[in-house]
Amino acid sequence: MLKKSVLFVGLLLGLATCQGAVSKDSQVRILAIGDSLMAWNSVLGSSIPKVIAEELNEPVIDHSVSGARMLTRDYSPDKKGFAVPYQYEKGPWDWVVVTGGGNDLLFGCGCGRCDKVMDQMISKDGLSGQIPDLFRRIRADGARVLYSGYLRSPNLLTPIEHCKDDGDEMEARIARLAGQEEGIVFASMAHIVPPGGLTYFAPDLIHPARKTSRLIGERLSRIIRDFDAKDKERASSDPERPVILSE
């Protein structure tokens, strides 16, 4: 049996998904940022943000870009690029749904000697690095963060099999962060693909098939719906009490 592989979806540069603009009077409360795990299948109307919008029956602004990395070289506005932190903008968000980090491990260090790249993204204890910095910036603006983990490929040989160990470690660190700070939710996608589930991937065996983007979007929608229901319940029982839920 082949060992499980973390599929770092978002590893190939492709077409960017359409990016929405935030108007001053916008009432949209969900923003999606990330790499091609988020953006894939957008031209077919089946990307994760489109599924979330359909499931929750409300609009979702999508700033995700295929090929985006998590690490940035410079935070100055005139040097913005594909980096996920640059996709975020302050808005009336209740939720910011995030993917990212896989491209940094594949292209930044070849999923080999990745200690430096990993620590720049997120430290072993989960408390420092550009990922915690991004999440805290989102939290400071009043939104929750919902980070989607990457797919696995049980019993399948993929082009990025060698990324498994680094991917597992990155997700463990993000989960550690989510367990320590309020308003950050980590959603593992490790069990989305069944053993030998070839049809769950695009032909490149890297990106999700349409049905897989739908499964991820449905799962993230359930998490948002469950948290929103708890918010309403608490607000009705104690209207003066601020509601901040931790995962």
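Tyr147 has a relative accessible area of 0%, so the residue is buried. This value, like the others here, comes from a predicted model. Phe135 is likewise buried, at 0% relative accessibility. The rings of Phe135 and Tyr147 form a tilted aromatic pair, with 6.2 Å between centres and 50 degrees between planes. Through ring pairs, Phe135, Tyr147 and Phe186 are joined in a cluster.

## Trp95 and Phe227

The model has three aromatic pairs. In one of them, Trp95 and Phe227 have ring centres 5.6 Å apart; their planes meet at 85 degrees, over the 60 degree cut-off, so the pair is edge-to-face. Because Trp95 is in strand β4 and Phe227 in helix α8, this pair ties together parts 132 residues apart in sequence. Trp95 is buried at 0% relative accessible area, and Phe227 counts as buried at 6%.

## Charges over rings

Phe227 also has a charged neighbour: the charged end of Lys230 sits over its ring, 5.6 Å from the centre. The charged end of Lys211 sits over the ring of Tyr200, at 4.1 Å from the ring centre.

## Helix α2

Helix α2 spans residues 48-56, and its buried residues are Ile48, Pro49, Val51, Ile52, Ala53 and Leu56. Their cover includes β2 (30-33), α1 (36-39), β3 (61-62), β4 (95-98) and α8 (210-237). Just past the end of α2, Asn57 adopts a positive phi of about 55 degrees.

Notes:
Residues numbered from 1 in each chain as written. Predicted model: local features only at pLDDT ≥ 70, side-chain atom pairs only at ≥ 80, totals over all residues. Heavy atoms only, no water. Buried < 20%, exposed > 50% of the residue type's maximum accessible area, 1.4 Å probe, protein only. Helix = DSSP H or I, 4+ residues; strand = E, 2+ residues; numbered from the N terminus. Contact = heavy atoms within 4.5 Å. Phe/Tyr/Trp six-rings, centres within 6.5 Å; stacked < 30°, edge-to-face > 60°. Lys NZ or Arg CZ within 6 Å of the ring centre and 35° of its normal.
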